[in-house]
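The sequence and the structure are shown first.

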Amino acid sequence: MHRKTLIFLGKIRFYSKTHLRFLLFFSVGCLFDEGGSLFSAVKYTQDQIGKMEESIRVRRASEPIELIRLVKEIKDGFSREEAEELPRPVKQKITNEILQRLKGLNANANVSEQRETVESWRYEKLEEAKQLALGKTALNSATPATEAKMLVRALESDWAVLLEEIGLWIPAEIINNEHNDKPEGEEELEDQIIPGRPVPPECHAELHTDYAGVAIRWGLTHPKESAADCCQACLDQAKRAKAGEKICNIWVYCPSETGCYSPDIYEHKHQECWLKYAEKPRTSFKDKYSELYRNSHPSAPLFVPWVSGVVTHD
C-alpha cells in the first residue's frame, strides 16, 4: 500500500511539473514574434484579455485540489505511523515472551496448539497494554503510556506486520479429509474381517448373510469357537449322516460378541452355530435389513450380523 501511494505521488508531481512548463512556455512564447525577436510592447484587445482570463480560470478549476489534499493526508499518515514504530527493545521483549510461551508446550504440540498459545499471549498482552494506555495500572509500570498505545495498535491492527518484523512464522495446519465417493445416505458395511481362524474356501463364507433352511442342529445349544469351526461341523455332519437323515449344506454363525438379531422369540448369543438343510438354498437376509423391515421391526440393526455359507457334497 505504501509503495503504491509513493508511485501515485510521483505521477502527480510529474503532471504538475509538465503543467508548469506548459504555462511558462505559453507565457514566454507570447512575448516573441514569429521571427523570434522580442516585442518592445505587447498589446491585447479586450476580447483577447477575456479569453486569457477564462483560460486561467478553467485551468485552475481543473486542478485536482481535493485529490492532492487527500494524498497529502495519506502521506502525512504514513509518516506518523513510521514515526510511531515500536522500538527495537520492545520488539525483542515481545519475541522473548512468545518464545518462552512456546517452549512451555509439549514437544509433540501441533500447529493448532502453537497458534492457540501465541493468540493467548496476544490477548493477555493486549489487555495489559490497553490498561496501561488508559492509565488504569500502577504508576511504577516499566511501559510508558505512549509506548502502550503503540503496542495496542501493533497487537490489534498491525499484528500480521509485527509477526513478520519479529520473524515469527507458524505454518498453516494441513487437514487431510478422506473423500467419500459413496452416494449420500449410503453407509459402509461393518468390519469385513471374520473373527477366529481363517474360513476354508470350500465353506463359501458370506458376511452379513442369513440363510433359510430346516434346522439340523440348533445353534442355541451348539456353540463353536469360530465360523471355520461351524463350517467344519456342517461338513462333519454330512459325512456321519445316516441313510434317510437330512445332510447339512448350510451353516449360519454368530460372530458378534453382543449377539445376533433374528426375528424369532429367542435371544441369539455369540458363537451360535446353526446347521441347516435346504434343497435350494436361499437367503433370508443379505447385507442390510431394509428400511421397510426396520420400520416394522424396531429392534433390527442396520446390518445383518450373521455369517453364513453353502457347502456342496460330492
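## Basis of the report

This is a predicted model, in which local features need pLDDT of at least 70 and side-chain atom pairs count only at pLDDT 80 or more, whereas totals for chains, interfaces and linings use all residues. Residues are numbered from 1 along each chain as its sequence is written, and side-chain values use heavy atoms, with hydrogens and water left out.

## The chain as a whole

The protein chain contains 9 helices and 7 strands. Helices (H or I, at least four residues) and strands (E, at least two) are DSSP runs, numbered from the N terminus. Of the 314 residues in the protein chain, 28% are buried. Here, buried means under 20% relative accessible area, exposed means over 50%, and partly exposed lies in between, with a 1.4 Å probe and protein chains only.

The accessible surface of the protein chain is about 22,600 Å², and 55% of it belongs to carbon and sulfur atoms. Accessible areas come from the Shrake-Rupley method with a 1.4 Å probe; for residues, only the protein chains shown count as cover. Among contacts (heavy atoms within 4.5 Å) between residues at least 6 apart in sequence, 71% join residues at least 24 apart.

Helix H5 has 23 residues, and its first and last C-alpha atoms are 32 Å apart, close to the 33 Å expected at 1.5 Å a residue. The expected span of a helix is 1.5 Å times one less than its number of residues. At the start of H5, a side-chain oxygen of Asn110 comes to within 3.2 Å of the backbone nitrogen of Ser112. After H5 comes Gly135, which has a positive phi near 75°. The buried residues of H5 are Val111, Thr117, Val118, Trp121, Arg122, Lys125, Leu126, Ala129 and Leu132, and their cover includes H4, H6 and H7.

Helix H6 covers residues 145–156; because its 12 residues should span 16 Å at 1.5 Å a residue, the 16 Å between its end C-alpha atoms agrees with expectation. Its buried residues are Glu147, Ala148, Met150, Leu151, Val152, Ala154 and Leu155. These pack against helix H4 (88–103), helix H5 (111–133) and helix H7 (159–166). Within H7 lies Leu162, which is buried, with a relative accessible area of 3%. Not counting residues up to four places away in sequence, Leu162 touches Leu86, Lys91, Ile94, Ala154 and Leu155. The C-alpha atoms of Leu162 and Leu151 are separated by 10.0 Å, the two residues being 11 residues apart along the chain.

Lys276 belongs to strand S5 (residues 273–277). Its relative accessibility is 12%, so Lys276 counts as buried. The side chain of Lys276 reaches the backbone oxygen of Tyr211 at 2.8 Å. This is a polar contact, a pair of N or O atoms within 3.5 Å; within protein, one must be able to donate a hydrogen and the other to accept it, and residues adjacent in sequence count only if both atoms are side-chain atoms. Leaving aside residues up to four places away in sequence, Lys276 touches residues including Asp210, Tyr211, Ile216, Ile247 and Cys248.

Gln237 lies in helix H8 and also counts as buried, at 12% relative accessibility. With residues up to four places away in sequence not counted, Gln237 touches Ile216, Lys246, Ile247, Cys248 and Leu275.

## Positive phi in two loops

Most residues other than glycine have a negative phi. His204, which is not a glycine, has a positive phi of about 50°. This residue is in the loop between H7 and strand S1 (205–206), and His204 is partly exposed at 42% relative accessibility.

Asp287, likewise not a glycine, has a positive phi of about 65°. The loop that holds Asp287 runs between strand S6 (283–286) and helix H9 (291–296). With a relative accessible area of 33%, Asp287 is partly exposed.

## A nonpolar surface patch

Trp218, Leu220, Ile265 and Tyr266 form a nonpolar patch on the surface, with about 440 Å² of accessible area together. Patches are made of residues with over 30% relative accessible area and no salt bridge; like charges are joined within 9 Å, and nonpolar side chains (Val, Leu, Ile, Met, Phe, Trp, Tyr) within 5 Å. A salt bridge is a side-chain nitrogen of Lys or Arg within 4 Å of a carboxyl oxygen of Asp or Glu. Leu220 is in the loop between strand S3 (214–217) and helix H8 (227–240), and Leu220 counts as partly exposed at 33% relative accessibility.
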